[in-house]
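This report concerns the structure shown below.

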Amino acid sequence: MDLLVALTLLMLAVFLGIELITKVPPTLHTPLMSGSNAISGITIVGALVAAGADHSTFATILGFAAVTLAMINVVGGFMVTHRMLGMFRRSKTSKTGDL
Amino acid sequence: MDDWTILGYLVAAVLFIVGLKRLSRPRTAVRGNQLSATGMLIAVVVTLTDNAILSFEWIIAGLVLGAAVGAVLAVKVRMTAMPELVALFNGFGGGASVLVAAASYLEAVDLQDDPARMTGAAALAVLIGAVTLTGSLIAFIKLREMLRWTGFAGMRVITIGATVVTAVLTVLMIVDSSSQWLWLLVAVAALLGVVAVLPIGGADMPVVIALLNSLSGLAAVAAGFVLDNSLLIIAGSLVGASGLILTQIMCVAMNRSLPAVLFNPAPSAGDGPSADDVYAGKVRSTSADDVAMLLESAERVAIVPGYGLAVAQAQHAVRDLARRLEERGSDVVFGIHPVAGRMPGHMNVLLAEAEISYERLVEMDNINPTFEQTDVTIVIGANDVVNPVARTDPNSPIAGMPILDVDKSGVVVVIKRSLSPGFAGIPNPLFASDNSLMLFGDGRQAVVDITKALQEI
């Protein structure tokens, strides 16, 4: 990829991110953080290549550690976000009250 | 990379974008998170099927181990500990970026194929990644309250020194392709993360968490430049932007600039009035029974929670009180300050866990105009965010900070252990005002007592 193409991609994605996130209400800021945190685990893609490229034993070990750390980030991040979002509910108009 | 892999990455990037978009409304947020997770799964699968990968033993071991640890942490964590967990995950993300960039750079040096662009990107990736890793670990330790030490006086010199050294090492790496500079850079950046976060504490924690969140995204972007990978650049930028916005929101909510948070951690209490001047003879304390009497005739009740509510584990007790009031015909809302809690939106999650509907959680800007029509406001475990000095005294350390105008409601009941100051270290005239009553004691017990007293009326 050309450096300028990569920089273009970077700038567009930053502006898109700003547009997307500005609309998130404060109520959802914590799930937003843990969810976007999980997305930052995308480094796992690079980690997989490093761990599987069979270049040298040392590089493979670095790759293995990277896969592990990124996977904790990804799986933990998405799961805890799911758990949190499940707690957000609208008021139910049931007999037990309006909360 | 073959074309199918790149196409798969495109699909993943689109799923991340749509997923984040859906996270902006509570009704669609669960689906949004699932879409993002699907995008991640697609990214992993297309990478595994790409022919760059030759052996799978270590990959499978890492995937299984990481997934198991991540899942256990996600299932076990208490909602009060969410800030620590997010800090920890941030750190792991940063650490992964360091390792990926290092592995990739070392391979390039071996093959003598390390253009300046790639080396520069690798230097940035390990720099940002290592700062994120150790900074997040320090934040984690501080949030767990395992460490209160805020460092020594001359530490800022080390911070500045380390910053300069990282810049020099980056240049050395580009000029002289040798792996020793890389490891030195990792070490100095790791030190930088420690000394930068160590002095920051208390009320500034939400800013730090948001900033580290942003950095973990930027580390992924830099790793993307190392690997020439469009998906890392796009996804990392989205996260970087998201963290920056949250950082900005937190700074505005505290009326502090980001440089002030980073370089001037402890705002001085100044020479404002002493606690004795403010409180002497004017503080009225009350009992749970009296508060229940007040609430009995209140049509509109606002509850303002602070982090003290979480510490006292009073969320469920507060929910029961709110339900009881609703049954008696009162209108109950919750007023949430943006920095209530230890990370952006933390209080909302704690109240959601206690099954309080998100529609009742009202943002500061929306609830402030309604305090004048509110009969009783109950403040639980909050202090600085309801201190009217922010509006009235331009010399106060919190001057200009947006606050919840609880002092404008009919009666304010403040539930608090003592008259001790909040993070800002200044007395709060609200506690001594004519329409305020102090209910001293443990937050949870006090709320339980009020609820019980209401039942007996």
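The following sections describe this predicted model.

## Contact between chains A and B

In the contact between the two chains, 80 residues of chain A meet 101 residues of chain B. On the chain A side, at least two residues each come from α1 (3-22), α2 (29-40), α3 (44-52) and α4 (57-85). The largest share is that of α4(A), with 26 residues.

Sorted by class, the side of chain A that touches chain B holds 48 nonpolar, 26 polar and six charged residues.

## Domains of chain B

Chain B is divided into domain 1 (1-76), domain 2 (79-263) and domain 3 (275-456). Between the C-alpha centres of domain 2 and domain 3 of chain B, the distance is 37 Å. Their contact involves 18 residues from domain 2 of chain B and 15 residues from domain 3 of chain B.

On the domain 2 side of this contact, the helices α4 (82-110), α8 (205-227) and α9 (230-254) of chain B supply at least two residues each. Here α9(B) provides the largest share, five residues. The class composition of this side is 15 nonpolar, three polar and no charged residues.

## Strand β5 of chain B and its partners

Strand β5 of chain B spans residues 411-416, and five of its six residues are buried. It runs parallel to strand β4 (residues 376-380) of chain B, to which five bridges join it. In this pairing, I380(B) stands opposite I415(B) of β5(B).

Strand β6 (residues 436-440) of chain B also runs parallel to β5(B), again with five bridges. There, V412(B) is placed opposite S436(B) of β6(B).

Terms used
Residues numbered from 1 in each chain as written. Chains lettered and ligands numbered in written order. Predicted model: local features only at pLDDT ≥ 70, side-chain atom pairs only at ≥ 80, totals over all residues. Buried ≥ 20, exposed ≤ 12 C-beta atoms within 10 Å, placed from the backbone. Helix = DSSP H or I, 4+ residues; strand = E, 2+ residues; numbered from the N terminus. Pairing = 2+ DSSP bridges. Contact = placed C-beta atoms within 7 Å. Nonpolar A, V, L, I, M, F, W, Y, C, P; charged D, E, K, R; others polar. Domains from an automatic or database assignment.
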